[in-house]
Amino acid sequence: MIYEPSIMKIGLFFGSFNPIHLGHLVIASYMANYTELDKVWLVVSPHNPFKAIGDLIHVHDRLEMAKIATEDTDEIEVSDVELKLPRPSYTIDTLTYLSEKYPQHEFWLIMGADNLKSLKKWKNYESILKYYKIVVYPRPGADVSEWANHPAVIITDTPQMDISATFIRKAVAENKSIRFLVTDGVREFIEKKGLYRKIIKA
Ligand SMILES: Nc1ncnc2c1ncn2[C@@H]1O[C@H](COP(=O)(O)OP(=O)(O)OP(=O)(O)O)[C@@H](O)[C@H]1O
Ligand SMILES: O=C(O)c1ccc[n+]([C@@H]2O[C@H](COP(=O)([O-])O)[C@@H](O)[C@H]2O)c1
């Protein structure tokens, strides 16, 4: 019989995932396997409120790549919830919506140390800290020691891979290999659809 805990702890990992890469997957996998979380949902944001549209490809392609990258893992799922919500997507609005829609789950936020440092600029950040736990993974040069004793914040030593979606998009535009930076399925999808052939400045 499959054991289904009555309350599942779901870690929400928000991002543009333009495209999803191994740096993201290492974090999602660590959070699902090495912390108290039962599962991780990758929430693909149509538009991050702090980022220019620039070379953001269509959200359906970003969602599809996230699904391809995680199709053989049960503990990581892809959520399209932000497609149904007003844009740009504010994290507190998505958290509130999900908590109302899935009262049987407890939602935690997965956040990079760089984002934690700028959290005070986010919409209603006090509510995020009041009602949700935040699991933090390290990012180069981001010191989060000021948050170490905050009751809502859990700091982890998640392994880091210093790659970015920007690096991958540039590599594709320059016809360089992205093997070992994204999964094979994602690489094939990018090739098949001819994505990221040109860099579009914001
Ligand atoms: N290599 C990585 N290791 C850990 N976290 C990462 C890594 N790359 C991105 N992240 C974090 O994952 C979240 C979602 O990332 P996002 O989709 O914006 O990708 P990105 O690689 O940072 O993209 P871009 O280069 O386009 O800005 C962000 O909070 C970002 O800081
Ligand atoms: O809610 C906010 O005010 C807010 C401000 C900045 C970023 N976010 C979310 O945080 C996620 C990660 O951001 P980023 O810039 O690291 O890709 C992204 O999905 C954004 O929607 C949310």
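I'll start with helix 7, where the cover over the buried residues includes helix 2 (59-70) and helix 6 (165-173). Bear in mind that this is a predicted model.

Which residues of helix 7 are buried? Helix 7 runs over residues 184-193, and its buried residues are V186, R187 and I190. Viewed down the helix axis, these buried residues fall within an arc of 100 degrees, so they line one face of helix 7. The general rule is that an α-helix has 3.6 residues a turn, so residues three or four places apart point the same way. On the face turned away from the buried side, helix 7 carries the exposed residues D184, E188 and K192. After helix 7 comes G194, with a positive phi near 65 degrees.

Next, ligand 1. There are 17 residues around ligand 1, and the nearest are G15, G23, S164, A165 and T166. Helix 1 (22-34), helix 4 (113-117) and helix 6 each give two or more residues to this shell. Helix 1 has the largest share, with three residues. By type, the shell around ligand 1 has five nonpolar, ten polar and two charged residues.

Last, ligand 2. How many residues surround ligand 2? The number is 15, and F14, S45, Y90, T91 and W122 are the closest. Strand 1 (8-15) supplies at least two residues of the shell around ligand 2, and helix 3 (91-101) also supplies at least two. The shell around ligand 2 divides into six nonpolar, seven polar and two charged residues.

Methods
Residues are numbered from 1 along each chain as its sequence is written. Chains are lettered from A and ligands numbered from 1 in the order in which they are written. This is a predicted model: local features need pLDDT of at least 70, side-chain atom pairs count only at pLDDT 80 or more; totals for chains, interfaces and linings use all residues. A residue is buried if 20 or more other C-beta atoms lie within 10 Å of its own, exposed if 12 or fewer, and partly exposed in between; C-beta atoms are placed from the backbone. Helices (H or I, at least four residues) and strands (E, at least two) are DSSP runs, numbered from the N terminus. The arc is that of the directions from the helix axis to the C-beta atoms. Two residues are in contact if their C-beta atoms, placed from the backbone, lie within 7 Å. A residue is near a molecule or strand if its C-beta atom, placed from the backbone, lies within 6 Å of it. Ala, Val, Leu, Ile, Met, Phe, Trp, Tyr, Cys and Pro count as nonpolar, Asp, Glu, Lys and Arg as charged, and the others, Gly among them, as polar.
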